[in-house]
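Dear colleague,

I am handing over the structure below, and my notes on it follow. Please read them with the model open beside you.

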Amino acid sequence: MAEQIIKPRGTQDIFGDNKKIYDYITSVLDRYFKNYGVNKIDIPTFEETKLFIRSVGESTDIVNKEIYNLESKGEHQTSLRPEFTAGIMRALIENKLYATPDLPLKLGYYGSVYRYERPQKGRYRELHQGGVEFVDNNLDIITKIDCLNLFYSAAKELLGDNIYLVINYLGAEDARKKWREALREFFKSHLDTMCEDCKRRFEVNPLRILDCKVEHDHELGLNAPNITDFLSEEDKKYYDDICTELDNLGIKYKRDPHLVRGLDYYTGIVFELYLEQGDLPLALGAGGQYANLTAELNGPKMEGIGFSFGLDRLLMCFNESLKSDVLNKYALDFFVYSFNKNPEGVKEINDILKTIRNSNYSAIAAPMTKAFGGSLKQAARMNTKYLLLINEDLSLEIKDFSKREQQKISKEEFTKMLSERKF
Ligand code: AMP
């Protein structure tokens with residue numbers, strides 16, 4: 001027998017209730033995008049590898065260990081995108097999107113990204129992200145707060161109050177330079193006890209050591225110097241101003257002076273989103289500010305701030321009660337069953353389905369071959385709101401599943417109620 005082909009490790013098929021919730025998540029994000037003046041953009045799934053090396057950074061795990069390089073066919077070396085920001089900046093420069101009087105640009109996206117990680121709960125090799133990038137010549141505090149507010153408010157609408165941000169302020173290049181030196185000094189004497197990756201990180205970018213998942217190195221990092229000690233008075237005040245605005249907006253956050261994030265391009269504010277309780281200790285989304293990315297990619301010097309939700313992780317946070325709220329929104333409105341199996345019964349079913357669907361309600365009919373008992377069970381399984389019965393004499397009866405009552409209804413009355421959206 002031929003071998004059964006299964007999906008690659010770290011990928012998923014998303015279907016059934018999960019797909020409904022996934023679509024619900026993106027529909028809520030879409031509404032937030034619209035309300036915050038964000039325009040959507042689609043970019044390629046693969047790009048030239050050097051785009052990611054130059055933007056995400058050679059010192060990051062994402063580029064160093066996790067990138068999927070495509071087999072070169074004699075052209076440029078290309079890779080599957082491991083994140084969105086780099087590709088969006090490339091598109092922004094290539095299409096001169098920055099040449100608009102209406103800055104800041106606000107771009108939003110969804111799609112899959114690829115990272116060769118060890119698959120485990122909440123960690124996929126093909127994952128799905130949805131996020132935004134806000135870009136301007138000089139980003140002002142309103143745009144930054146808008147970005148953080150969009151991020152937090154959308155997550156709160158999806159998951160409830162049970163969320164908080166972890167934030168840090170990485171400051172200007174000068175502060176990070178001093179911090180890098182202090183970290184190098186601190187880790188120098190511990191180098192021989194640290195993992196091979198951290199030995200490399202020590203050389204290339206010691207900030208990355210703070211991100212190490214190996215317990216010994218992680219614990220060592222807890223006593224390492226804080227960025228806060230190197231921030232200028234101006235940076236400290238700016239960070240406090242941002243926190244005051246977060247307080248004013250009722251956004252819950254904790255400051256973590258060791259948060260560095262897994263990408264090299266961040267400057268200024270960085271943030272991650274977590275669930276307060278639950279068994280998923282992973283970030284549900286993350287983002288930050290960057291100042292050098294467009295210039296690094298040979299475009300004009302601009303500043304940006306953005307975030308990305310891990311859509312797969314948001315999906316995992318839907319407990320039974322959140323799930324059933326969403327599934328009720330997707331419930332089928334009408335399940336139609338005809339006891340009249342003759343041609344006039346067929347015509348009546350089709351007429352009624354057409355009337356219902358034209359009124360923008362959802363409806364399906366039981367196949368003519370299906371027995372009534374089985375159809376009733378199917379309607380219940382599908383979380384149907386109303387059962388519509390067509391009797392032998394073509395008269396109609398309607399049953400409201402939430403009230404369990406069944407009553408006769410004329411076709412005229414039914415059509416009128418549909419048009420008045422009484423269901
Ligand atoms: P990043 O692009 O690394 O800032 O990640 C943004 C968000 O994507 C994270 O906060 C996670 O929610 C999600 N994410 C990152 N890596 C994975 C992964 N391997 N599997 C599932 N979600 C992920």
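In what follows, axes are lines fitted to C-alpha atoms, for helices over the stretch in contact, and angles run from 0 to 180 degrees between N-to-C directions. Helices (H or I, at least four residues) and strands (E, at least two) are DSSP runs, numbered from the N terminus. This is a predicted model, in which local features need pLDDT of at least 70 and side-chain atom pairs count only at pLDDT 80 or more, while totals for chains, interfaces and linings use all residues. Residues are numbered from 1 along each chain as its sequence is written, and side-chain values use heavy atoms, with hydrogens and water left out.

Of its 423 residues, 51% are buried, where buried means under 20% relative accessible area, exposed over 50% and partly exposed in between (1.4 Å probe, protein chains only). Among the contacts with a separation of 6 or more, 70% are between residues 24 or more positions apart, contact being heavy atoms within 4.5 Å.

Next come two packed helices. The axes of helix α5 (residues 141–159) and helix α9 (residues 233–248) come within 11 Å and cross at roughly 50 degrees. That angle makes α5 oblique to α9, because angles under 35 degrees count as roughly parallel, over 145 as roughly antiparallel, 65 to 115 as roughly perpendicular and the rest as oblique. Where the two helices touch, I141, K144, I145 and L148 of α5 meet Y238, D241, I242, E245 and L246 of α9. The residues of this contact divide into six nonpolar, no polar and three charged; here Ala, Val, Leu, Ile, Met, Phe, Trp, Tyr, Cys and Pro count as nonpolar, Asp, Glu, Lys and Arg as charged, and the others, Gly among them, as polar.

The sheet is the next element to look at. It is an open sheet of eight strands with mixed pairing, in the order β1-β4-β5-β10-β9-β8-β6-β7, and two strands are said to pair if DSSP finds at least two bridges between them. Its edge strands are β1 (39–40) and β7, each of which pairs on one side only. Helix α5 packs on this sheet, touching β4, β5, β6, β8, β9 (285–290) and β10 (303–310), and its direction makes about 10 degrees with that of β10. Strand β4 (residues 105–114) pairs with strand β5 (residues 126–136) in the antiparallel sense over ten bridges, and L107 stands opposite E133 in β5.

Within the sheet, strand β6 (residues 163–169) is largely enclosed by the rest of the structure, because seven of its seven residues are buried. Both of its faces are covered, with I163, L165, I167 and Y169 on one side and Y164, V166 and N168 on the other. Strand β6 pairs with strand β8 (residues 266–275) in the antiparallel sense over seven bridges, whereas three bridges join β6 to strand β7 (residues 253–255), and these two run parallel. Residue L165 stands opposite L273 in β8 and opposite Y253 in β7.

Finally, C195 is found in the loop between α6 (173–188) and α7 (196–204), and it is buried, with a relative accessible area of 18%. Leaving aside residues up to four places away in sequence, C195 touches R201, C212, V214 and D217.

With best wishes
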